[in-house]
Amino acid sequence: MDIATLIGLVGGFGLIVTTILLGGNPGGFVDIPSVVVVIGGTFAATFVMFPLKAIIGTVKVAMKTLFFKSRDPNEIIRNITALAEKARKESLVALEKVPIEDDYLKKGILLVADGSSEALVRSVMEIELDFMKQRHRQGQGVFKGMGMMAPAFGMIGTLIGLVNMLQNLDDPSSIGPAMAVALLTTFYGAVLANVVFIPIAKKLEERSEEDSLFMQIMIEGVASVQKGEHPSVVKDKLQAFLAPALREG
């Protein structure tokens, strides 16, 4: 589980709820029609912007922000270095029998063991990398779209509330409560956008960048193994992808 995401969500909503409670009237921040306008309108616009399949997939994508275990890039480098050492001691064909957990790395190594050219191996792996980025961008786009629509529908709800208020100016006592209800839709939209949708989109973007980095390491690692480079050279080359503080000695 990603503790940072959990802390952010709980902390964000916790601060908002605490501030409301300190104000002394939490009931005044609850308005069902405002909730319906913001949430219903946001999802309605999202269905217009994106295919149904992409929207359904956002549930699985959103869970990735919470239940995600980051991999250690040094472990990937160690595995590739071990493959390079085996290839030099035995042969590239011997790599075919080596158990490899990562499916992406395994695909590249099997192509090498089958005698594929370096250009073909790199092309296959880069195509998969490109389409991975495309799939991730779609998931990010759904949450970015929701982050854009939530405040917009909050404003729409506010305008509806103001119109209703202006139609009842003959009762001055109702102006204050009506104005409060009108502003609640803007409040709901801003909270959903800035605490949930936009942060999730950004977290998914970071996850995608991390996955992309690991896949680029594997591409270069497989190419180095295929060339028969010395394991120490392979290790140094792949560690160049990492910040100095993350590199193993």
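This is a predicted model: local features need pLDDT of at least 70, side-chain atom pairs count only at pLDDT 80 or more; totals for chains, interfaces and linings use all residues.

Me: Which residues line the largest cavity?

Reply: The lining consists of Glu 118, Val 121, Arg 122, Met 125, Ile 219, Val 222, Ala 223 and Gln 226. Helix 6 (118-166) and helix 7 (175-227) each supply at least two residues of that lining.

Me: How many cavities of 30 Å³ or more does the structure hold, and how much space lies in the largest cavity?

Reply: There is one cavity of 30 Å³ or more. The space in the largest cavity comes to about 30 Å³.

Me: How should I read the faces of a helix, and which residues of helix 3 are buried?

Reply: The general idea is that an α-helix has 3.6 residues a turn, so residues three or four places apart point the same way. In helix 3, the buried residues are Ala 54, Ile 55, Thr 58, Ala 62, Thr 65 and Leu 66. These buried residues pack against helix 1 (3-23), helix 2 (32-49), helix 6 and helix 7.

Me: Where does helix 3 bend?

Reply: Helix 3, residues 52-66, bends by about 35° at Thr 58. Thr 58 is also one of the buried residues of this helix.

Me: Let us turn to a single residue. Is Ser 208 buried or exposed?

Reply: The cut-off for a buried residue is under 20% relative accessible area. Ser 208 has a relative accessible area of 7%, and is therefore buried. Ser 208 is found in helix 7. Leaving aside residues up to four places away in sequence, Ser 208 touches Met 132, His 136 and Gln 140.

Me: How much space lies in the largest pocket, and which residues lie nearest its centre?

Reply: The largest pocket holds about 1,100 Å³ of space. Its lining has 36 residues, and those nearest the centre are Arg 71, Asp 102, Asp 103, Tyr 104 and Asp 211. By class, the pocket lining has 14 nonpolar, eight polar and 14 charged residues.

Me: Which helix gives the most to the lining of the largest pocket?

Reply: Helix 6 gives the most, with seven residues. Helix 3, helix 4 (73-89), helix 5 (103-113), helix 6 and helix 7 each supply at least two residues of the pocket lining.

Conventions
Residues are numbered from 1 along each chain as its sequence is written. Side-chain values use heavy atoms; hydrogens and water are left out. On a 1 Å grid over the protein atoms alone, a cavity is a set of points where a 1.4 Å probe fits but cannot get out, and a pocket is an open set with protein on both sides within 12 Å along at least five of seven lines; lining residues have an atom within 4 Å of a point. Grid points are joined across faces, edges and corners, and a volume is the space filled by probe spheres set on the points. Helices (H or I, at least four residues) and strands (E, at least two) are DSSP runs, numbered from the N terminus. The bend at a residue is the angle between axes fitted to the seven residues ending there and the seven starting there. Buried means under 20% relative accessible area, exposed over 50%, partly exposed in between (1.4 Å probe, protein chains only). Contact means heavy atoms within 4.5 Å. Ala, Val, Leu, Ile, Met, Phe, Trp, Tyr, Cys and Pro count as nonpolar, Asp, Glu, Lys and Arg as charged, and the others, Gly among them, as polar.
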